[in-house]
Each structure stands twice: as C-alpha cells, then as structure tokens.
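Grab a pencil and work through these exercises with the structure open beside you. Try each task before you read its solution.

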Amino acid sequence: GWAPVATPPLASAKPVYSLTVAVDGDQLHDVYFTGDEDPLEIARDLISRAELKGGEGCTTTECIESMVVSAMQARMRGDPEYDTVLDKMEFAYRVEMPKFVAAQQQEDVERQKRRDQPEERGVLPGMGHFQPVPCFPPDCAFECSALPADDEMMAAFAEAFDEPLLLPDAPLPEPKRCPGGLVVRPLWIPIPEELVVGCVPRKHAAFADFIRMPWEKKYQFTSQAEYHRRYRHTYFGLTRKKSGWDALRHVEILAAGAVPWFQNISQCPPDNLMHLPKKILAALQEELQGVTPEESIDFHVFNTSRYLEFARVLLTHTQRRLTSAGLARYVLEASGNEYAQRVLMISGNGGPDYVRDLSLVGFRKHLGSNFVDWIRPSHLYAAPENVSAAEFEAMQKDLYGRGFTYTRWLHDDPAIHRDKVEEQIQAKEFDVIIYGSVHRGMPFWDLVQVSGYSPNQVIFFDAEDCHDWGTLPQELLGKGHYFMREIPQHCPTWARDGNDGEQAP
C-alpha cells in the first residue's frame with residue numbers, strides 16, 4: 001500500500017516527494033525523491049531494501065519495478081491514490097484514451113483526403129491484392145523429423161492423460177461461474193497461423209532460454225526470423241509464469257514445433273491456461289529422463305522417440321486450437337455468435353496489447369473487411385513497401401518485444417471506413433461488438449447501450465496480467481459476455497456474498 005509521509009528528512013530547494021511502502025501490512029519503508037533522480041534506480045533500491053515480493057498477480061521483478069516507478073510518477077503528477085495495481089492501470093489508460101481517440105479521428109480525415117487525391121506521378125496504382133514475397137536462404141525451409149499427430153494419436157493421448165481438449169470435437173473450455181450470475185470465459189494469447197510449422201523440425205540444440213530479465217536492457221535478437229529459427233531447432237523452449245500464467249512465449253515455442261519446458265506448471269490454477277494441455281506439459285517433465293537442471297540433455301538416457309510423440313501431439317493441438325483465427329472462432333462460438341458476419345472491435349488505446357492485437361488479426365482473417373477495428377492499431381499493419389531496412393528498424397525498436405510475432409500482419413482495406421463507425425453502431429449494422437480491452441478504455445459505450453444491442457451481441461475482453469477481479473466484472477454484469485485471460489482462483493467478494501445482480505447473457 002502507498003501512504004504519504006508528512007515531512008521529508010532534509011530541506012531541499014526542489015520539491016521532494018515521498019512514498020511509504022507497507023509490507024505485510026505493518027512494516028513501513030519510506031522513500032524520498034526529487035523529479036531529477038532516476039526513478040528506476042530508486043525503485044530498485046527500495047525493492048531490495050524492503051524485500052518487496054509484489055502481489056495482486058504482480059510478482060516478477062519487472063512488474064514490481066514498474067509498479068513502484070508508476071507510483072512515484074503518479075505522486076509527482078499529483079494523481080489521486082488507488083488501492084490496487086489494476087486501479088492504477090485503469091486510471092493511466094483513461095488519461096491516455098482521448099489522445100488515441102483524437103489520433104484515430106485525425107487519421108480518418110487524412111485517409112479520406114488520400115482517397116480523394118490522385119496517385120503521385122510515377123507511382124503505379126495498386127489493386128488491393130497482396131502476394132507473399134520470395135524468401136531467401138537460410139530462412140526458406142527446414143528438414144522435418146516427424147509429421148503432426150493424427151486423430152488416432154491425439155485420441156490416445158487424450159485418454160492416457162485425461163486431456164479431452166486434444167480431441168477434434170473437444171468441448172469448449174468451461175467458464176468460471178460465481179454466485180450472483182457472474183460467468184467468466186477463459187481467454188488467451190494466440191499466434192498467427194503463418195508462424196505455425198507444418199511438421200516437427202530436426203533438432204540441433206537442447207534448450208532455448210530467451211526469457212529477458214528486467215535488468216537486461218537489450219533484447220537478445222534483432223532478427224525476428226532468427227528468433228523463431230532458434231526455437232525451431234531446439235528440443236525445449238524454457239518458459240514460466242511471469243506476471244500472469246499466460247504468455248506469448250508459450251505459443252511461440254509450440255508454433256515452432258518445440259516443446260515447452262514449463263517451470264512449475266503443476267502449480268497453475270485450474271481456471272488458468274485452459275487452452276493448454278497442462279497435464280501433458282507436467283507429465284513430460286517426469287517421463288522424459290535425461291533432462292538436467294543445467295538445461296542440457298543426456299542422450300544416453302533420453303527417449304527421443306517418446307519426445308517426438310509429445311512434440312507431434314502438441315503441434316497438432318497448436319494448429320487446431322491456438323492460432324489467431326482459432327481464437328476468433330472460439331470467442332464467437334462460446335458467446336453464441338458463431339454465425340456473425342459483421343463484427344466491430346473497439347479499443348481505447350492503440351498501443352501494443354497481445355490479446356487484442358492477435359485476436360484482431362484472427363478476426364480479420366476469419367471475416368475479412370466485415371471485421372472493423374476501431375481504434376486501428378498502426379503496428380499491426382504493414383509498413384510502406386518502399387521503407388528502408390533502417391526505417392523499419394526505427395519503427396520497431398520502441399515496440400514491446402521489438403514487435404516480434406505480433407506486428408505487421410495486416411494490410412489496409414479501402415472497404416473499411418472507420419470514420420462512419422458511430423453511424424454504423426447507431427444503425428445496428430454490426431452483429432457483434434467486442435471491447436478489445438475493457439481496462440484500456442471503452443469508447444462509444446453509452447452509444448452501444450442505447451442503440452439496441454442485446455447483451456448476447458456484446459463481448460468484453462479482460463486481458464491484463466497484473467490484476468485481481470477489479471470492479472469491471474460487476475459493473476458489466478449482464479451487459480455482455482466477459483472473457484478473462486488471468487482468472488482469479490476465488491470468486492470476487494461481492495459474488496461470494498451472494499449479490500443477485502443481473503444475470504450473465
């Protein structure tokens with residue numbers, strides 16, 4: 001918890017700000033700082049001195065540092081106090097939302113101007129049809145070690161490990177149901193199907209450990225192709241719970257035809273990672289002998305044939321269930337909207353957001369121009385074809401994770417007119433409206449409610465990884481389908497107390 005301190009210990013010509021950190025409710029640690037000091041260094045000193053372990057789903061060093069720095073910055077700005085990380089995040093995103101809304105409106109105006117202008121002299125007009133570019137070695141092909149598992153093998157593994165989600169006709173993941181009518185459906189980070197290999201590649205190394213620590217200022221890779229190639233040619237990719245259980249790294253490893261070595265997977269709560277065969281991920285660590293704590297493999301005892309069976313099953317599951325288009329289909333089916341033709345996804349923030357971004361890619365693949373994204377996340381769209389390598393690098397370097405895996409999958413479609421979205425909402429031209437991240441802003445929400453959309457036509461995505469329930473599941477109860485990425489183990493207090501609010505759709 002954060003509490004103000006009355007008086008700084010030393011006089012200063014500059015404003016001195018203060019925070020008190022409460023550990024376990026009673027151990028208080030004071031920190032004083034000015035606007036000229038490096039907040040990250042101060043945060044690291046405080047974390048070390050107070051032995052902060054975080055909470056509310058924020059347990060990694062990186063997340064705790066971010067939480068402390070954010071609290072310091074909020075104190076300097078004079079922001080109001082908030083009780084949880086989630087409250088603080090929602091406030092920050094609310095402050096940012098008008099900027100993104102204004103930018104989208106300006107972009108709509110500029111795009112209309114460009115539509116009305118003739119092509120620049122000397123530039124051939126395009127026809128709106130795109131072709132993949134030729135590849136260049138060594139990134140054109142790889143040799144297979146095994147094909148994906150067939151239905152018979154999938155059924156055998158499903159029975160042996162009690163993993164029904166491996167079956168072709170597997171039922172949808174069960175939602176979490178709480179008193180008071182609260183129904184929360186699971187949500188996860190998918191991966192574009194273009195990145196999913198068609199077979200298990202030959203292996204040349206034991207482990208790939210690309211988890212970047214908070215103190216590491218640089219990423220290990222500048223080439224996205226090399227990043228994915230390294231996963232393809234390793235037996236195992238090391239992964240673990242970070243701020244939340246779900247992570248893009250899990251599906252990156254699976255899509256590359258490698259096997260996740262998931263630390264502490266047996267501790268994952270039952271309502272989390274419901275898209276992954278957790279029992280298999282835990283069992284293979286016991287069954288595959290010869291894997292050492294030093295992240296190496298003793299091939300004198302390692303059963304390569306059994307490894308390939310696991311790899312084949314996991315690859316088939318990835319191809320069937322874990323792609324972006326697969327998630328889009330799941331969301332529509334789970335909400336009873338599998339026949340929807342016109343879908344609008346609304347966002348209040350255009351910055352990177354793995355679930356919003358990669359599900360958006362899937363919806364566009366599934367529905368084409370009948371899927372409209374507002375706000376348009378510019379990092380999801382292809383860079384101009386005449387951009388230089390240096391210019392492209394400059395575009396990517398400030399994106400989270402350098403934009404690997406989740407950016408530049410889409411092309412602008414002139415059939416999409418975002419400047420008419422308000423009119424289209426009011427005219428009920430959409431079968432389904434999705435809020436891509438409820439914590440990052442909900443533009444047009446009042447308009448959606450008065451325009452006659454039923455709760456069954458509205459979908460909410462709650463995809464943050466540093467939070468507990470917050471207030472939105474209660475505020476939005478009965479107003480749409482609620483999908484959540486990191487579902488808390490226990491029902492919220494208001495639901496446990498038997499609040500009989502409106503029923504979920």
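**Exercise 1: A residue in a loop**

Arg 202 has a relative accessibility of 39%, so it counts as partly exposed (buried means under 20% relative accessible area, exposed over 50%, partly exposed in between, with a 1.4 Å probe and protein chains only). Before going on, note that this is a predicted model, where local features need pLDDT of at least 70 and side-chain atom pairs count only at pLDDT 80 or more, while totals for chains, interfaces and linings use all residues. Residues are numbered from 1 along each chain as its sequence is written, and side-chain values use heavy atoms, with hydrogens and water left out.

Task: find where Arg 202 sits and what it touches.

Step 1. Arg 202 belongs to the loop between strand S7 (200–201) and strand S8 (205–208). Helices (H or I, at least four residues) and strands (E, at least two) are DSSP runs, numbered from the N terminus.

Step 2. Skip residues up to four places away in sequence, and Arg 202 touches Glu 143, Cys 144, Ser 145, Arg 232 and His 233. Contact here means heavy atoms within 4.5 Å.

**Exercise 2: A lysine in a strand**

Step 1. Look in strand S5 (residues 176–178) for Lys 176.

Step 2. Lys 176 counts as buried because its relative accessibility is 11%.

Step 3. A polar atom of the Lys 176 side chain lies 2.9 Å from the backbone oxygen of Gln 489.

Step 4. Leaving aside neighbours within four places in sequence, the contacts of Lys 176 include Asp 271, Trp 469, Gln 489 and His 490.

**Exercise 3: A strand and its partner**

Task: work out why S14 counts as largely enclosed by the rest of the structure.

Step 1. Strand S14 covers residues 458–462, and five of the five are buried, so the rest of the structure largely encloses this strand.

Step 2. Check the two faces. In a regular strand, side chains alternate between the two faces of the sheet. In S14, Val 458, Phe 460 and Asp 462 are buried on one side, and Ile 459 and Phe 461 are buried on the other.

Step 3. Look for a partner: strand S13 (residues 432–435) runs parallel to S14, joined by three bridges. Two strands pair if DSSP finds at least two bridges between them. Ile 433 has Val 458 in S14 as its bridge partner.

Step 4. Repeat this with strand S12 (residues 371–374), where Phe 371 and Asp 373 are buried on one side and Val 372 and Trp 374 on the other. Four bridges join S12 to strand S11 (residues 343–346), and these two run parallel. Here Leu 344 has Val 372 as its bridge partner.

**Exercise 4: The nonpolar core**

Task: how many residues does the largest nonpolar core have, and what does Val 331 contact?

Step 1. A nonpolar core is a set of buried Ala, Val, Leu, Ile, Met, Phe, Trp, Tyr and Cys residues joined through side-chain atoms within 4.5 Å. The largest one has 74 residues, and Phe 236, Leu 284, Val 331, Phe 363 and Phe 461 have the most contacts inside it.

Step 2. Beyond its neighbours within four places in sequence, Val 331 contacts Leu 187, Phe 363, Ile 459, Phe 461 and Phe 483.

**Exercise 5: Aromatic rings**

Task: how are the rings of Tyr 227 and Tyr 231 arranged?

Step 1. Rings of Phe, Tyr and Trp (its six-membered ring) pair if their centres lie within 6.5 Å; planes under 30 degrees apart count as stacked, over 60 as edge-to-face and the rest as tilted. The structure holds 29 aromatic pairs.

Step 2. Tyr 227 and Tyr 231 are edge-to-face, at 5.3 Å centre to centre and 75° between the planes.

Step 3. Both lie in helix H5 (residues 224–232), four residues apart, about one turn of the helix.

Step 4. Tyr 227 is buried at 9% relative accessibility, and Tyr 231 is buried at 0%.

Note on methods:
Polar contact = N/O pair within 3.5 Å; in protein donor to acceptor, adjacent residues only side chain to side chain.
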